[in-house]
Structures are given as structure tokens and as C-alpha cells.
Amino acid sequence: MRKIKIVTIILAIIAITMISFFGIYVPEQNRMKNKVGDYAYAMDMGGSRKVRLKVSTQTKETIKDADGKIVKDADELTDEQIAEKGYVKEETPYNSDDVKNLENYRISKKMIEKRLKKSGTDNYIVKLDEENGDILIELTENKDTDMFVSNINTTGKYEIVDSETQEVLMNNSDIKTVTSGYGHPSENTEAGVQVYLDIEFNKEGAKKLEDITSKYVEKHHDDSSEEDTTDTEDTTDTEDTEEKTITMKIDDDEIMTTSFEEPIKTGKLRLSIGTQTNDADVLQEYINRASSVSVVLSDGKIPVKYDLYEDEFVLSDINHNDIQMGKYIALGIVGLALIILIIKYKSRGILVAFSYVGYLSMLLLTLRCTNVILSVEGLFGIGVVLILNYMLVNQILKVENIGKAYKDFFVKIIPIIILGIIFCFIKWTPISSFGMVMFWGIALIAIYNIIITNSLLKIKAGKEK
Amino acid sequence: MKKMSTKTKIVALIIAIIIIAGVIVTLTVGLNFDLRYQSAKRIELYLGKQFEIEDIKKMTDDIMQNQEVIIQKVEVYEDSLSILSNDITEEQKSSLIEKINEKYGTDLSADSIEIETIPHTRGRDIIKPYIMPFAIVTIIILIYILIRYRRLGIMVTFFKTILALIVSQVLLLSIIAITRIPIGILTMSMVLTVYVLTLLGIAYNFEKKLDSKNGEEK
């Protein structure tokens, strides 16, 4: 009976090992498909998005009137019409010569790093070519990468201008924070969710906003609405004069032209992004858009205008052969360690060796099932938990009392457990990968050995009764 | 004060020698950075068909003798390749393109392929993301250790822990400097592993001392 139990456990271990190393293949659409999920790799092992930003050499065309003021909506005018009206066409570079210097390149690099951090990118490398200002970014490839890359060369220049005169009323220096959010604008939840961009201005900005929102007031055509207005002087003013509007610009692109219903005294401006919707995909798109605008505007503008020169996915140079070689070396070391165990503890050593192989297989399956992202650090983490498991099984064999062995072992690895748990929450893939591997590895050491290793040794010792 | 045993003295002396040698090597020769982190040159070639990195490696070994080269597949179709090396001259680029055209029947022209400059990665940029997590973990673990092993003396436990953590890392970096192991994608993994193993060593050492102290008291 004891032998049958031992053989059953060993067969179960062999089955788990086979599944872990070779997978479970089932026919699907005329081909065999492995039902065991693949490993999720970090950018050092799976590849990364490589983006090169070059200092822009482009120019922008502006049409100015005789007074030197920028003429709005003059894009469609022909050269003859421009000359007729006495306008002048000017080509100005986005980056003037005084902008193109090392200090500004360094600031730009820092700001891109800040944006990457704020947008939640969990692994990236930013390099600066100090000679020409080129910035190279390597970042992890996921569903948000495209969105980030599409905004990466946005300088984040924010302006509120008078729509008519183009006078700059507010700019980046007035912003304190920019956040995005969503909610139901009214009690009617069926109308859908609205995504917002909340801009909070600093003290000076708040004052400017109050002035602007007092001055650029919506023109009321309905007389009855006047009764609710406390400031009658202003109301009369708006009725008598032409409605004045402001234009909000990001990177010189007009985002909206509007006027205000009443002065804003809170120093906060809420902008609606998109329309109200109940469609999850559309909503997600709006949230992403609002989030990327908030990231771009939060830290002021990048002093240098960059053009996206290169954007491609590059596979890791750690290839299949390297991984295979690493695997064989690791298996060789594990095999050697298990042989030592077998020599030292004879038949009990053999059982524990089987159990150990089962642990390794279970660990690899767990890492796949829990979608732990494996980086090189994560691979080293596997090595560390294998060492820890070896120490525990060695202790179990030595003291022949699993309770004592567990107590002795886990008291000693409390600092490592603390490290593993904290690292799991770090938003930097190489560290979190190490932490996750440690966490699952140690949890599995605790559960697996009490179930499998302990059972095998108990059965062997005839204590199962 | 407890005297150091001869064995401990020898170990301490060896560690001190390695650290001094490591510092000297770092200050004089500097650390050996992996090609990925060095300032380098890169060319990218579109083959329009699948290829084996090994085949390209043979060509680069021929043309760029004694030069470190990293070859990577580009884009999901894996029909383009990127070649990175410390330096790629116009002649090397032309020879490589010639060989590739010959092997794959492509029609690549050396004139249309640009040699890009890849700036180096600053050491501080590699380390930066690790500083805060290490600081948080070290502080929390230190608090735990000081509470758990307070009977061994808070100050002694504190200094021994800090000393062990610092010495182990400095020792690792010294070995890296002396052996000229490149600072690359394995470095931070090694730092993490040594950190964890040091914590394990510290805990084993203090538990042993705590046990013997408990034994003495009984």
C-alpha cells in the first residue's frame, strides 16, 4: 500500500513535469496547440519598442498682417490674395538656434522620462545623443505603447489665447496640475459616462482664469436668464458688445474655442473629452486620450520640438539558444545538487529529489498561469527560490521533523519574504518580476513541501497511519 | 571586545584586498560596459525575408573581426535586422551589404543605408529605478532585524547588517571590475541575488547567535 502511494505521487510529479516542460497539445483548427500558456517576457527578453526622436528642422508658416499680427484662418488664401490684403507670409523654424543647446536637450530627456513614469510605463531606457540632441527611447511593448508613442513628440505647449487678437492669456507657467477622470455629468446615468480633463491652475493662474472668465462671457439672447444673474453690470456689457471667445491650444493646435457662462473663481477648469458614451471601447479611448493629454501638460513644455524619426519593435538579442543554454546549465546545477542529496540521504534523498523536480515544474507552471512577467532578474529569482527550496528540503531530511524544519527555515527567510512582497508592488518590471517570482516561489515552497515532500517522507517512514 | 578568529581575519583580509583592487581598477581603467550600454554604431537592413541570426553572425565575424556585435531581428515579421557594434565604417557597411545581397538575393544599396549613432546609457540611469525600492526594502528589513534581534544589541545588529549589505555589494562590484565582466543586463540581477543571499546570511548568523544566547540563559 505504501509503495502504491509513493508510486502514485511520483507519477503525479512526472505528469506535472511533462506538462510543465512539454505542455499539453490539443488539435485546434487542423494544428496542435499547446494549452499551457506561454511565458510573458519583459523587454530584455521579449523585445522592445525603439523610438528615435530627432530635433525638428521643420518650419511653420505664419501669415501676418501689416501690423505684424498673426492672421487667423488664412491657410486657404492664395499668394495673390495674401499680397492683395497686404499680408506677409513668414517661415519660422520650430526650433530656433538659441533653443538647440545641450541644456535644453537634457531638459527634454528628463521631461520625456517624467512622462514615461507618469504614464505608467514600467520599463524604459532613455538615451541622449549630446552631439545633436537625438533622443532614443526603448520601452516595453504593450497595449498602451502606441498611445504613448503617438504623443511622445508633443512638446506640451499649452496656451489660452484671445481668439481674435491671438494674445496669449495663459500658458504652461499658470498650470499647477492636470488630471483626468470620468463620471456621469447628470443624474441621468443612461446618457452615458463623460470623460474629463481637470486643469488646476496655480495662484497666479487662478487669478488670470477668473479675469478671463469674467471678460470672455457667453452672450445671452434670452432676457429671462438675466434675472438669475447677480452681476447686472456685466450682463448688460455682454449684451451690448460682441461676444469674445478664447481659444485653447496644445502644441499650437486649436483644441477648442469657447466663452464662459460665469467667472471661474476656483482656479480649476474642467474640459470634456469626447462625448458622453456607454460604449466601453469608446470610453477607454477617451480615457486614454485624456490621460495622455494630462501627462503631456503636467510638467510644462519640452523646450525642443522633436520629430518622430524611427518607431519599431526590436526583438531581444537574448535568443532561443541563449535561453536553452541557460536552462541546461541550471538543470545541470540542480541535477548535481540532487545527486549530493541522494548520496547523503539514500532512498529518502531519492524521494526528495523527485519532489524537488516536481517543485521546479510547479513553479514554472505557476509563473505561466499567474502571468508573471519574466525578466532576466526574474530568472535569477527562480535561481534564488530553487536555492531556498534546496535548503528547506535539506533541513527536512536532516531534522526529520517537518514542523521544526519549517519553523527554522521560515524564521530565517522573513527578510526575503518582506523583500519579495515589497518588490511585487514596485512599478519597474525587472524589480517586480524578481519580487513576483520570489513571492510565488516562497508561497509554493510552503504549500508544496507540506503536501508532497512531507507526504512522501511520511509514507516512506510508514507514518501514514 | 570579542577577538577575531584567524579564519575571520584571513577572510576579511581577502575581501579588503579584492575591494582595494576593484577600486583601483575602477578608478584607473573604469568599468567595462556591455555594448548595449556603450556609445555604438548601428545599421538596419530590410531583407524582406526570414533569415538566421547565425548566418549574419558569420558575415559580421568575417567583416568586423575582433569587434563585439549584437544582431537583432526587427519588427514582428522578423524580416529586417539591426546590427550594433562599437564602430561600423563605411567599408564594413558596404562589404556586409554585398555579402547579404549575395546570400539572400536582395538588392540593398549601401548609399541608402545610414549608419546611426547610438548614444551610451549613463550608469546612473541604469541604477536610478533601483535606488528607491532598495532603500524602502532595506529600511523595513532593518526595522524587522532590529526588533527581532534586539537582544543581541541594537547598535551591533544595526552596524553588522549595514556593513554586511554594503561590503557584499562593494565586493560584487569589485569582482565585476577586476574580472572585466561587462556591466549589462545581468549586473542588476547579480546585485539583487547577492542582496538576497546576504540577507539570508545575516538572518542565519543572527539566528545562530540568538539560539546560543538563549541556550546560555537557560
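This is a predicted model: local features need pLDDT of at least 70, side-chain atom pairs count only at pLDDT 80 or more; totals for chains, interfaces and linings use all residues.

Residues are numbered from 1 along each chain as its sequence is written, and chains are lettered from A and ligands numbered from 1 in the order in which they are written.

Chain B has six helices and four strands, where helices (H or I, at least four residues) and strands (E, at least two) are DSSP runs numbered from the N terminus. Along the sequence their pattern is α-β-α-β-β-α-β-α-α-α. The radius of gyration of chain B is 26 Å, whereas a compact globule of 218 residues would have one near 17 Å; the radius is taken over C-alpha atoms, and the globule rule is 2.2 Å times the number of residues to the power 0.38. The C-alpha atoms of chain B fill a box of roughly 85 × 35 × 25 Å along the principal axes.

The contact between the chains takes 32 residues from chain A and 36 residues from chain B, with two residues in contact if their C-beta atoms, placed from the backbone, lie within 7 Å. On the side of chain A, the largest share, seven residues, comes from α12(A). That side divides into 23 nonpolar, two polar and seven charged residues. Here Ala, Val, Leu, Ile, Met, Phe, Trp, Tyr, Cys and Pro count as nonpolar, Asp, Glu, Lys and Arg as charged, and the others, Gly among them, as polar.

Helix α12 (residues 414-424) of chain A meets helix α4 (residues 123-148) of chain B, their axes coming within 10 Å and crossing at roughly 145 degrees. Axes are lines fitted to C-alpha atoms, for helices over the stretch in contact, and angles run from 0 to 180 degrees between N-to-C directions. Among the residues that meet are A:Ile418 and A:Phe423 in α12(A), and B:Ile140 and B:Tyr144 in α4(B). This helix contact has 13 nonpolar, no polar and no charged residues.

Within chain A, three strands form an open antiparallel sheet in the order β11-β12-β15; strands pair if DSSP finds at least two bridges between them. Strand β12 (residues 193-201) pairs with β15(A) over seven bridges, and A:Val193 has A:Thr277 in β15(A) as its bridge partner.
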